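The plan is to go from the whole fold down to a few single residues and jot down what I look up.

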Amino acid sequence: MLQPPCLVHPCVLTDARRLDQILNNLVSNAVKYTPAGGTTRLAVEELAGEREGFGLYRFTVSDTGIGMSQEFLQRIFLPFEREDTTMTSQVVGVGLGMAITHNIVDLMGGRIDAQSTQGKGSTFTVVLPFQFVQSFPFADQPKTDTFTLQGLKLLLAEDNLLNMEIATELLQLDGAQVTGVENGQLAVERFAQSPVGSFDAVLLDIQMPVLDGYGAARAIRALDHPQAASIPIVAMTANAFADDVIAAREAGMDGHIAKPVDLVRIRQGLAAAFAQKPADSHPAQIQSKGV
């Protein structure tokens, strides 16, 4: 039986970075706590709005993972709360993700609900109000229609294996060559040992073990390497608050790409980072495009 379309209005106005952070937190948790062979699902629906010109959008993230006890479910949105199980003890975290997500949803005028059964999985439902618009205001966006990653040699530091696989696949689809490492310290060591021209740019996650993205950027900039001062370094992270962007700049980074990443954001972030550098330091394929 045919179902009516779940998204009637293709264009809405909202805080894209905050929405990204909400969905990234929920989907990341679903993946982390779902053993191999399980499934995760993200569904989006448009509901009737409560005000003219606005609609309610329901995001449902469900999984077939380990689930949670009903007792813990009552405390899941409180700070520093984590259920003590065999699997959760193997996942790095301090119990702030759900509290932050809850606060962001509140600030955006929405609501969040969680349902779970131990051993069967969990379902998180977020409902947010979005304003309808006729089209997207792209006029102030960086011009990236001629910018591709073709031939770029990128050093990528990401400690989450799934995020690493997704980012690598996206970068390679656009023609980049990717060298991946699992933390900031390995990124510093790999760059320090590389001959000049081995890498055209560095992409760093922020929250990593051993050495985080900020520390890695500072260490790279301090190296006695011919490219240390000039190579573009871009943060690629779910931390999308203004303070995080400022912190990235202060650490010596040239840009900030908010997760979950896609090719448009990656192109925009790298195009902006290269534009800040002297033209003679750009790779040949970028110089030819006039970035």
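Predicted model: local features only at pLDDT ≥ 70, side-chain atom pairs only at ≥ 80, totals over all residues.

**Whole chain**

I began with contacts, where contact means heavy atoms within 4.5 Å. Of the contacts in the chain with a separation of 6 or more, 65% are between residues 24 or more positions apart. Residues are numbered from 1 along each chain as its sequence is written, and side-chain values use heavy atoms, with hydrogens and water left out.

Next I looked up the helices and strands, which are DSSP runs numbered from the N terminus (helices are H or I, at least four residues; strands are E, at least two). The chain has nine helices and ten strands. I also checked burial: buried means under 20% relative accessible area, exposed over 50%, and partly exposed in between (1.4 Å probe, protein chains only). Of the 291 residues, 45% count as buried.

**Helix pairs**

How do H1 and H3 pack? Their angle is about 145° and their axes are 10 Å apart. Here axes are lines fitted to C-alpha atoms, for helices over the stretch in contact, and angles run from 0 to 180 degrees between N-to-C directions. The crossing of H1 and H3 is left-handed, meaning that the near helix is turned anticlockwise from the far one by less than a right angle; clockwise would be right-handed. On the H1 side I found Arg18, Gln21, Ile22, Asn25, Leu26 and Asn29, and they meet Gly97, Met98, Ile100, Thr101, Ile104 and Val105 in H3. These contact residues divide into six nonpolar, five polar and one charged.

Then I turned to H5 (residues 184-192) and H6 (residues 213-221), whose axes come within 8 Å and cross at roughly 20°. H5 and H6 are therefore roughly parallel to each other, since angles under 35 degrees count as roughly parallel, over 145 as roughly antiparallel, 65 to 115 as roughly perpendicular and the rest as oblique. This crossing of H5 and H6 is right-handed. Gly184, Val188 and Phe191 of H5 make the contact with Ala216, Ala219 and Ile220 of H6. I get five nonpolar, one polar and no charged residues there.

**Single residues**

Where does Thr14 lie? I found Thr14 in the loop between strand S1 (12-13) and helix H1 (16-32). Thr14 counts as partly exposed because its relative accessibility is 30%.

Leu47 sits in strand S2 (residues 40-47). With 25% relative accessibility, Leu47 also counts as partly exposed. Leaving aside neighbours within four places in sequence, Leu47 is in contact with Gly55, Leu56 and Arg58.

Most residues other than glycine have a negative phi. Val210 has a positive phi of about 70° although it is not a glycine. I found Val210 in the loop between strand S8 (201-204) and H6, and it is exposed, with a relative accessible area of 69%.

Notes:
Nonpolar A, V, L, I, M, F, W, Y, C, P; charged D, E, K, R; others polar.
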